[in-house]
Amino acid sequence: MHLDVTDLRQFYYRTRLGRIAQKAIRDRMLALWPEAQGQTVVGFGFAVPLLRPYLASARRVVGLMPAEQGVMPWPAGLDNVSVLCREGLWPLQTGVADKIVCLHGLETSEHPSAVLEECQRVLGPGGKALFIVPNRSGMWARRDATPFGFGRPYSLSQLEAQMKRHDFMPERHAAALFAPPSHQRFWLRSAELFERLGATMSSYYAGGVLLLEVSKRVYAPTRPGLAERVRQPLKVLEGSPAPAGASNRDGGGPV
């Protein structure tokens with residue numbers, strides 16, 4: 001089930017642990033996607049804390065929030081870009097998005113296939129989507145003191161398999177939130193150090209969340225009638241038409 005938007009806003013904007021989590025995940029996202037110049041960026045779930053770096057350069061930024069969660073105005077002090085929507089009915093044109101960021105939108109959904117189908121529809125050719133989910137083997141999925149303790153946690157193989165079933169191709173993955181999900185001062189002060197150390201590790205098992213970048217699988221178009229032409233026999237061995245004047249030679253006429 002989706003968390004309430006009030007609880008998500010409270011965690012990410014009004015607790016120190018939430019602000020640390022927000023920065024850690026955003027830094028990992030920016031390592032994968034450092035810019036979005038002239039692009040359309042769409043966030044689904046509660047992805048707006050990650051989208052602020054793109055506001056200045058992107059052509060358009062949209063924050064979609066599911067009705068089951070609720071919506072809040074965002075960003076503060078600027079024109080609102082948040083939109084309330086249904087999980088399986090996004091108010092966006094087909095193929096309009098260059099980038100999609102999904103945070104607290106997949107693991108908490110009661111209809112994850114509908115979410116992925118809308119991602120597939122809205123993402124344009126050559127676009128990328130980034131899914132951020134709780135890591136099944138991480139500490140953050142085992143405590144309900146943070147939003148990552150709710151919903152279905154994933155292993156990387158499970159997440160990749162689900163993406164492939166919906167015609168997405170996994171490209172790159174990363175992890176974040178290597179510090180324990182604790183409000184104690186020692187762990188909060190050490191969180192940045194844990195993130196730096198975790199970013200240098202090749203293993204993603206220790207991270208609290210997984211980030212998986214996927215691309216849209218586009219099938220090559222087939223030309224109508226091609227199969228029919230292939231089935232027809234080739235005539236290259238049937239010889240060329242008789243040259244002009246051949247009938248005259250055969251009939252004894254003038255050459």
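Trainee: How many residues does the largest nonpolar core have, and which have the most contacts inside it?

Mentor: Keep in mind that this is a predicted model. The largest nonpolar core has 37 residues, and Ile 25, Ile 132 and Leu 177 have the most contacts inside it.

Trainee: Which elements give two or more residues to this core?

Mentor: On the helix side there are α1 (5-14), α2 (16-32) and α3 (48-51). The strands are β2 (60-66), β4 (97-103), β5 (123-134), β6 (168-176) and β7 (209-216). The largest share, six residues, comes from α2.

Trainee: And what is Ile 132 in contact with, leaving aside its neighbours within four places in sequence?

Mentor: Ile 25 is one of its contacts, along with Leu 50. Then come Val 101, Cys 102, Leu 103, His 104 and Glu 107, and finally Val 209, Leu 210 and Leu 211.

Trainee: Switching to helices. How do the axes of α2 and α6 cross?

Mentor: The axes of α2 and helix α6 (residues 185-199) come within 10 Å, crossing at roughly 20°. Angles under 35 degrees count as roughly parallel, so α2 is roughly parallel to α6. Their crossing is right-handed.

Trainee: Which residues make the contact?

Mentor: From α2 you have Arg 16, Leu 17, Ile 20, Ala 24 and Arg 28, and from α6 Leu 188, Arg 189, Ala 191, Glu 195 and Ala 199. By class, that contact has six nonpolar and four charged residues, with no polar ones.

Trainee: Now the backbone. Which peptide bond is cis, with omega near 0°?

Mentor: The one from Trp 74 to Pro 75. Pro 75 sits in the loop between β2 and β3 (82-85). Most peptide bonds are trans, and most residues other than glycine have a negative phi.

Trainee: OK, what about phi at Asp 167 and Leu 177?

Mentor: Asp 167 is not a glycine, yet its phi is positive, about 65°. Leu 177 has a positive phi of about 65° too, and it isn't a glycine either.

Trainee: Where is Asp 167 found, and where is the place of Leu 177?

Mentor: Asp 167 is in the loop between α5 (156-165) and β6, while Leu 177 is in the loop between β6 and α6.

Trainee: Is Leu 177 buried or exposed?

Mentor: Leu 177 has a relative accessible area of 2%, so it is buried. Asp 167 has 27% relative accessibility, so it counts as partly exposed.

Methods:
Residues are numbered from 1 along each chain as its sequence is written. This is a predicted model: local features need pLDDT of at least 70, side-chain atom pairs count only at pLDDT 80 or more; totals for chains, interfaces and linings use all residues. Side-chain values use heavy atoms; hydrogens and water are left out. A nonpolar core is a set of buried Ala, Val, Leu, Ile, Met, Phe, Trp, Tyr and Cys residues joined through side-chain atoms within 4.5 Å. Buried means under 20% relative accessible area, exposed over 50%, partly exposed in between (1.4 Å probe, protein chains only). Helices (H or I, at least four residues) and strands (E, at least two) are DSSP runs, numbered from the N terminus. Contact means heavy atoms within 4.5 Å. Axes are lines fitted to C-alpha atoms, for helices over the stretch in contact, and angles run from 0 to 180 degrees between N-to-C directions. Angles under 35 degrees count as roughly parallel, over 145 as roughly antiparallel, 65 to 115 as roughly perpendicular and the rest as oblique. A crossing is left-handed if the near helix is turned anticlockwise from the far one by less than a right angle, and right-handed if clockwise. Ala, Val, Leu, Ile, Met, Phe, Trp, Tyr, Cys and Pro count as nonpolar, Asp, Glu, Lys and Arg as charged, and the others, Gly among them, as polar.
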